[in-house]
Each structure stands twice: as C-alpha cells, then as structure tokens.
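Here are some notes for a colleague who is opening this structure for the first time. They are set out as numbered points.

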Amino acid sequence: MADVVELYDAVAEDQGATVSQEHDDAPLVLGDRDLLAGVVANLLDNPLKYGGAGCTVRLRTGWHEGQALLMVQDDGPGVPADTLARMGERFLRLQPDLPGHGLGLASVQAVVALHGGRLYYENAAPGLRVFISFPLDPT
C-alpha cells in the first residue's frame, strides 16, 4: 500500500487532494504483489478522479475478525444508495463524461476473489468507503 500511495503523491498534489495512510501492525496477505498493488492503485485512483478538487482520501490497514482489512475512504460526492449493490459491475460508469471504461472495480473484485477476500462498499456521507478483507497468511 505504501508503495502505491507514494506513486500517487504527485497526482494528488497536482489536484490539491490529500492522501493519508494508517497502519495497525501491517497484516501480511499471501498473494500476488502486483495484482494486489493494482487493487490499491485502482481504489486510490477512483477517488482522485471522481472526488473533485481538494478531496481527501484515507487508506487504512488493520485487522477485523481474524482477517486482514484494507479500508479506503474519500470525502467526494459518494455513490447513490441504489447503485452500491451494482459497484464492481463491468462497464458501470457513474460519470460517463470522465475518462474510463467501467472496468476498474470489476478488476478489483476479480483480484480480491482470486485471493479469497471479500469486497464491500458503503456510503461515508460524504464520500464512499470501500472495505476489503483477506484471509491472513498462515505463516
């Protein structure tokens, strides 16, 4: 997570956005480093793209019910409640006027499933909160 955040620091700065990260005893997840970095990149890229100038994005890792947890929260416009259940659907675009193909969250969903994790979304009022839980590395 820290490596991806470092890559996005310049983008966030150009947009006047703030990105922060918090770690509770960084949990280890057994998986493909590049695929998991892509998940974090997508979950960071989306709020920077859709959150508007000056948005704040928080990333946090920790533990929850014996699972490694990643939480990404922004203070952007959020997602309509009736759309939350459709998040991750291929080609779903909430703002078609912005660049993209509607495949980012579908990719995130596939990578999380490949790693035995769970992905869920909730409104943060304002913004969106994304949670991913992964089984812990047994070693």
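1. A residue counts as buried when its relative accessible area is under 20%, and as exposed when that area is over 50%. The model is predicted. With a relative accessible area of 18%, Gln-73 falls under the 20% cut-off and is therefore buried.

2. Gln-73 lies in strand β3. Its side chain makes a polar contact with the side chain of Arg-129, at 2.8 Å. Leaving aside residues up to four places away in sequence, Gln-73 touches Thr-56, Val-57, Arg-58, Ala-124, Leu-128 and Arg-129.

3. Ser-133 belongs to strand β5. Is Ser-133 buried or exposed? Ser-133 counts as buried because its relative accessibility is 9%, under the 20% limit. With residues up to four places away in sequence not counted, the residues touched by Ser-133 are Gln-67, Ala-68, Leu-69, Gly-117 and Arg-118.

4. The largest nonpolar core contains 32 residues. Leu-43, Leu-44, Leu-48 and Ile-132 are those with the most contacts inside this core. At least two core residues are supplied by each of α1 (2-14), α2 (33-50), β2 (56-64), β3 (67-74), α3 (104-114), β4 (118-123) and β5 (128-135). The largest share of the core comes from α2, with seven residues.

5. Leu-48 is one of the core residues with the most contacts inside the core. Which residues does Leu-48 touch, not counting those up to four places away in sequence? They are Tyr-8, Val-11, Ala-12, Gln-15, Ala-17, Val-19, Cys-55 and Val-57.

6. In α3, the buried residues are Leu-105, Ala-106, Val-108, Val-111 and Val-112. These buried residues of α3 pack against α2, β4 and β5. Just after α3 comes Gly-116, which takes a positive phi of about 75 degrees.

7. The pairing of α2 with α3 can be described in more detail. The axes of α2 and α3 come within 9 Å and cross at roughly 145 degrees, and the crossing is left-handed. On the α2 side, the residues in contact are Leu-35, Leu-36, Val-39, Asn-42, Leu-43 and Asn-46. On the α3 side, they are Gly-104, Leu-105, Val-108, Val-111 and Leu-114. By class, this contact of α2 with α3 has eight nonpolar residues, three polar residues and no charged residues.

Key. Residues numbered from 1 in each chain as written. Predicted model: local features only at pLDDT ≥ 70, side-chain atom pairs only at ≥ 80, totals over all residues. Heavy atoms only, no water. Core = buried A, V, L, I, M, F, W, Y, C linked by side-chain atoms within 4.5 Å. Buried < 20%, exposed > 50% of the residue type's maximum accessible area, 1.4 Å probe, protein only. Helix = DSSP H or I, 4+ residues; strand = E, 2+ residues; numbered from the N terminus. Contact = heavy atoms within 4.5 Å. Axes fitted to C-alpha atoms, helices over the stretch in contact; angles between N-to-C directions. Left-handed = near helix turned anticlockwise from the far one by under 90°. Nonpolar A, V, L, I, M, F, W, Y, C, P; charged D, E, K, R; others polar. Polar contact = N/O pair within 3.5 Å; in protein donor to acceptor, adjacent residues only side chain to side chain.
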